[in-house]
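Reader: I would like to learn how to read a few features of a model like this one. Please take them one at a time.

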Amino acid sequence: MSGALPVATIRTEVPVPLRFPDGYTTTARVFSFHGLVDGREHLAFGLGDWSVALDRAAGGGPPPLVRPHSECLTGDVFGSQRCDCGPQLREAVERIADAGGLLLYLRQEGRGIGLYAKLDAYALQDAGMDTYEANEALGRGADERDYTVAAQMLVALGADRVALLSNNPDKAEQLRRLGVEVAERVPTGLHLSAANAGYLAAKVDRAAHTIDLPFVR
Ligand SMILES: [Zn+2]
């Protein structure tokens, strides 16, 4: 990404009451946009006292809590145990609702390689590769996620200074390069299961994620 960040504008905003499978409920203000650079239908969810948090930040106060969450159909919707996306999404919604802020739901499945390729990568992982090696074996980048549209949405909503709820240093660095000030990086909780331990370990080893795994590698 070079040059100025292309301008996006708010297209529609509607209230959506949310109810998660464990019974947690909250109401989101859901935003769609014009002008997102990749033409996909990304969403922003304003949670808790999000507008108060944005006003406070604009007046020089603490930044709103923000999580860009990349779509994971298998984990977010079906509760796949191969990754920690579903529990991370659930945790993020509640923590952001408590603090006031934004969840960005980014339509970049499988680290940006798409749903079918993600399943192909799972097959390679079952043959012994880690998640990053598998993507590379498919001729794709280890991580193709791009946060340009996330930055566009944040700027459109007036949130160009954020506390980033993420363990991923690349996410923070990309947003900084795109002109979003990451005032603070707030780690997410640990969502470890027998099925996702190898996946979480690969995130730590290969991409320097800040996750405290309770086993020695
Ligand atoms: Zn996932």
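Reader: Is Ser166 buried or exposed?

Author: This is a predicted model. Buried means under 20% relative accessible area. Ser166 has a relative accessible area of 1%, so Ser166 is buried.

Reader: Where is Ser166 found, and which residues is Ser166 in contact with, leaving aside neighbours within four places in sequence?

Author: Ser166 is in the loop between β6 (161-165) and α7 (169-177). With those neighbours set aside, the contacts of Ser166 are Arg67, Lys171, Arg185, Val186, Pro187 and Thr188. The Ser166 side chain also reaches the backbone nitrogen of Asn168, at 2.9 Å.

Reader: What does UniProt list for "binding site"?

Author: An unreviewed UniProt entry lists Arg67, Pro68, His69, Ser70, Glu71, Gln88, Glu109, Gly110, Arg111, Thr131, Ser166 and Lys171. From this set, the lining of the largest cavity takes in residues including Pro68, Ser166 and Lys171.

Reader: Where is the place of Pro68, and what does Pro68 touch?

Author: Pro68 is in strand β4. Its relative accessibility is 0%, so Pro68 counts as buried. Not counting residues up to four places away in sequence, Pro68 touches Leu104, Leu106, Tyr147, Ala150, Leu164, Lys171 and Leu175.

Reader: Which residues coordinate the zinc ion?

Author: Cys72, Cys83 and Cys85 do, each through SG, at 2.2 to 2.3 Å. Along the chain, the donors follow the spacing C-x10-C-x1-C. Cys72 lies in the loop between β4 (65-70) and α2 (73-77), and Cys83 in the loop between α2 and α3 (85-99), so the pair ties together parts that are 11 residues apart in sequence. Both Cys72 and Cys83 are buried.

How values were computed: Residues numbered from 1 in each chain as written. Predicted model: local features only at pLDDT ≥ 70, side-chain atom pairs only at ≥ 80, totals over all residues. Heavy atoms only, no water. Donors = N, O, S within 2.8 Å, 3.2 Å for Na, K, Ca; no water. Helix = DSSP H or I, 4+ residues; strand = E, 2+ residues; numbered from the N terminus. Buried < 20%, exposed > 50% of the residue type's maximum accessible area, 1.4 Å probe, protein only. UniProt positions renumbered as here; feature names shortened; annotations may be inferred. 1 Å grid on protein atoms, 1.4 Å probe; cavity = no way out; pocket = protein on both sides within 12 Å on 5 of 7 lines; lining within 4 Å. Contact = heavy atoms within 4.5 Å. Polar contact = N/O pair within 3.5 Å; in protein donor to acceptor, adjacent residues only side chain to side chain.
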